[in-house]
Amino acid sequence: MNTISDQQVSPCRRRRLHSDEFKADAVASCMQPGMSMAAVAMAHGVNANLLRRWVREAELMPPGMALGKPTACGIEAPEAKPLFVPVSLPPLAAAAPVADIRIELQRGATAITVTWPVSAASECAAWMRELLR
């Protein structure tokens, strides 16, 4: 964890300071599909509200700006650095083509399987609507 812990910010108050790299890593983790902001906050050891603020600030920043900015005490944060590094991802595997729509119905001891060609999906939907009335 890249945290600058318990540094003196003012004579009456102590708080943890987090590096721009730490914030950018946490924000990047939140942007992953299916990631919970609360889970990312717990994994990084920060409050979820603080992480939400970092994400909101990152979204409002012009491209190429870092999360660093002047603090409440008037101390200037380090020079702006790029937030994210572009990464090349492999192309998604093409989904297997679906040849038919298959519907299995069961009422009591009777079971029916209906197969429709995908090209006639609208007719299948109309049939299902009529059946379920």
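Guide: Let us begin with a term: two strands pair if DSSP finds at least two bridges between them. Please note also that this is a predicted model.

Visitor: In which sense do strand β3 and strand β4 pair?

Guide: Strand β3, residues 100–107, pairs with strand β4, residues 110–117, in the antiparallel sense. The pairing runs over eight bridges. To take one partner, glutamine 106 is bridged to alanine 111 in β4.

Visitor: How many residues lie between the strands in the hairpin of β3 and β4?

Guide: There are two residues between the strands of that hairpin, and glycine 108 takes a positive phi near 60 degrees there.

Visitor: I now turn to the helices. At what angle do helix α1 and helix α3 pack?

Guide: Angles of 65 to 115 degrees count as roughly perpendicular. Helix α1 (residues 20–30) and helix α3 (residues 48–60) pack at about 90 degrees, and their axes are 10 Å apart. The two helices, α1 and α3, are therefore roughly perpendicular to each other.

Visitor: Which residues in α1 and α3 meet?

Guide: From α1 come Phe22, Lys23, Ala26, Val27 and Cys30, and they meet Leu51, Trp54, Val55 and Ala58 in α3. By class, this contact of α1 with α3 has eight nonpolar residues, one charged residue and no polar ones.

Visitor: How many residues does the largest nonpolar core have?

Guide: The largest nonpolar core has 11 residues, among them Phe22, Val40, Val46 and Trp54. The elements that give two or more residues to this core are α1, α2 (37–44) and α3. Ala41 is also one of the core residues. Leaving aside residues up to four places away in sequence, alanine 41 touches Val46, Asn47, Ala48 and Leu51.

Visitor: How many residues of α1 are buried?

Guide: Helix α1 is mostly covered, with eight of its 11 residues buried. Those buried residues include Asp20, Lys23, Ala24 and Ser29.

Visitor: Why does serine 29 count as buried?

Guide: Buried means under 20% relative accessible area. Serine 29 has a relative accessible area of 19%, and so it is buried. Serine 29 is found in helix α1. Not counting residues up to four places away in sequence, serine 29 touches Met35, Val40 and His44.

Conventions. Residues are numbered from 1 along each chain as its sequence is written. This is a predicted model: local features need pLDDT of at least 70, side-chain atom pairs count only at pLDDT 80 or more; totals for chains, interfaces and linings use all residues. Side-chain values use heavy atoms; hydrogens and water are left out. Helices (H or I, at least four residues) and strands (E, at least two) are DSSP runs, numbered from the N terminus. Axes are lines fitted to C-alpha atoms, for helices over the stretch in contact, and angles run from 0 to 180 degrees between N-to-C directions. Angles under 35 degrees count as roughly parallel, over 145 as roughly antiparallel, 65 to 115 as roughly perpendicular and the rest as oblique. Contact means heavy atoms within 4.5 Å. Ala, Val, Leu, Ile, Met, Phe, Trp, Tyr, Cys and Pro count as nonpolar, Asp, Glu, Lys and Arg as charged, and the others, Gly among them, as polar. A nonpolar core is a set of buried Ala, Val, Leu, Ile, Met, Phe, Trp, Tyr and Cys residues joined through side-chain atoms within 4.5 Å. Buried means under 20% relative accessible area, exposed over 50%, partly exposed in between (1.4 Å probe, protein chains only).
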